[in-house]
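Subject: Structure handover and findings

Hello,

Here is the structure we discussed. My notes follow it, grouped by topic.

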Amino acid sequence: MNNRKNATLIGLTAVLLWSAIVGLIRSVSESLGATGGAAMIYTVASVFLVLTVGFSRVRTFPRRYLFWGSVLFTSYELCLALSIGYANTGRQAIEVGMVNYLWPALTMVCAIVFNGQRSNWLIVPGFLLAIAGICWVLGGDQGLDFAVMLENVRDNPLSYGLALTGAVIWAIYCTVTARIAEGKNGVTLFFMLTAAALWIKYLAMGAEPMVFSGAAIVYLLLAAAAMGFGYAAWNVGILHGNVTVLAGASYFIPVLSAALAALVLRTPLSLSFWQGAAMVCLGSVLCWLATRSKR
C-alpha cells in the first residue's frame, strides 16, 4: 500500500512538472530562439530520460508502434514547443498553451470514435464547454468576444494553428498507442527523434546564433528537467500508482500551467482568462466522466 501511495505521489509530481512547461519553454526561446531553444531542451531532456527511464531495445517494439508512435509523438512535441516559441508575447504564449490543453477532451472523443469507447450524454456538454473555454480565453479581458478572438488569432495564426494541431495529434497519439504499444514505452527514443528533427530545422534555417547567459542556462535545465523527469515520474505513477487519482489530477493542468507561466513570465492574467481556463478543465472532467460511467 505504501509503495502504491509513493508511486502515486511520484506521478503527481509529473503534473506539477508539466504545468511549468509553458513558462519555461517561453523563457528559453527568448534567449536561444524558438527552434534553437527547443532543440536544446529536447536534447538535454533526452539525456535526462536515458539516465532515468533508460533506453528500451527498439527491436522489441511492435513495428506499427515504432512508426506511428515516432511520427505522432515527434509531430506533437514540435507543435507544442514551436507554438510557444513563436508567440509574440508572454500572454500569447500562455494563451497558446491553453489551446494545446484541448487534448484531454479531444482524447475522449477520439477514444469514442476510433476505439469504440462507451460513453453517455455528458460527452457533448463536456466537449462544448472545453471549446467555449478556449474561446473565452482568446476573447480578451471582456470574456467571450468573437471579434477580439479573431483579432488575436490573426495576430499570430502560426502559433495558434500549431497549438491546435498539436492538441489533435496528441489525442490521436494517446488513442492509437493504447492499442498498438503492447506495453512498450518508447518515450526516450521519441525525445531523441524530436531533438534530431529540431536540429535539422535549426540548421536548415541558417543556424541563427543562440545567446547563452546564466538565466538562459538555468531555464534550459529546468525546462529539460520538467520534460524528461515529468515523463519519467508519470511512467512510475501509471505503472504502480493510483491511475484514477492521476487521471483526475491531470485535468487541472491548464489552470496550474497558466498560474506558473504567469509567474515565470511576469504576465498578469485577467479574471476572464481564469474563467476560460476553469471551463477547459471542467469540460475535460465531464468528458472523462462520460467515458467512466459505462466501463
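Leaving aside neighbours within four places in sequence, which residues is Thr194 in contact with? They are Tyr42, Phe73, Thr74, Glu77 and Leu78. Contact here means heavy atoms within 4.5 Å. Thr194 sits in helix 10 (residues 187-204). Its relative accessible area is 0%, so Thr194 is buried. The classes are as follows: buried is under 20% relative accessible area, exposed is over 50%, and partly exposed lies in between (1.4 Å probe, protein chains only). Helices are DSSP runs of H or I with at least four residues, numbered from the N terminus.

Some ground rules. This is a predicted model, where local features need pLDDT of at least 70 and side-chain atom pairs count only at pLDDT 80 or more, while totals for chains, interfaces and linings use all residues. Residues are numbered from 1 along each chain as its sequence is written, and side-chain values use heavy atoms, with hydrogens and water left out.

Salt bridges

How many salt bridges does a search of the whole structure find? It finds two. The criterion is a side-chain nitrogen of Lys or Arg within 4 Å of a carboxyl oxygen of Asp or Glu.

One joins Glu95 and Arg91, with the closest N and O atoms 2.9 Å apart. Glu95 and Arg91 are four residues apart in helix 5, so about one helical turn separates them. Both residues are buried. The other joins the side chains of Glu30 and Arg26, at 3.5 Å from N to O. Glu30 and Arg26 are also four residues apart, in helix 2 (residues 21-32). Their exposure is as follows: Glu30 counts as exposed at 53% relative accessibility, whereas Arg26 counts as buried at 8%. As background, an α-helix has 3.6 residues a turn, so residues three or four places apart point the same way.

Around Glu95

Glu95 belongs to helix 5 (residues 90-100). Its relative accessibility is 4%, so Glu95 counts as buried. The Glu95 side chain also makes a polar contact with the side chain of Tyr160, at 2.6 Å. A polar contact is a pair of N or O atoms within 3.5 Å; within protein, one must be able to donate a hydrogen and the other to accept it, and residues adjacent in sequence count only if both atoms are side-chain atoms. Setting aside neighbours within four places in sequence, Glu95 is in contact with Val137, Leu138, Asn152, Tyr160 and Phe273.

Aromatic pairs

The structure holds 17 aromatic pairs. Rings of Phe, Tyr and Trp (its six-membered ring) pair if their centres lie within 6.5 Å; planes under 30 degrees apart count as stacked, over 60 as edge-to-face and the rest as tilted. The rings of Phe73 and Tyr173 have centres 5.7 Å apart and planes at 65°, so this pair is edge-to-face. The pair links distant parts of the chain, with Phe73 in helix 4 (residues 63-85) and Tyr173 in helix 9 (residues 157-180), 100 residues apart. Both Phe73 and Tyr173 are buried. They belong to one aromatic cluster, whose members include Trp18, Tyr42, Trp170 and Trp234.

Which residues of helix 6 (residues 103-115) are buried? Trp103, Pro104, Ala105, Leu106, Thr107, Met108, Cys110 and Ala111 are. The buried residues of helix 6 pack against helix 5, helix 7 (123-138), helix 9 and helix 14 (271-292). Gly116 follows helix 6, with a positive phi near 70°.

Leu158 is in helix 9. At 46% relative accessibility, Leu158 counts as partly exposed. Leu158 and Cys79 are 79 residues apart in sequence and 9.9 Å apart in space, C-alpha to C-alpha.

Most residues other than glycine have a negative phi, and most peptide bonds are trans. Arg266 is not a glycine, yet its phi is positive, about 55°. Arg266 lies in the loop between helix 13 (253-265) and helix 14. With a relative accessible area of 76%, Arg266 is exposed.

Regards

Definitions and conventions: Helix = DSSP H or I, 4+ residues; strand = E, 2+ residues; numbered from the N terminus.
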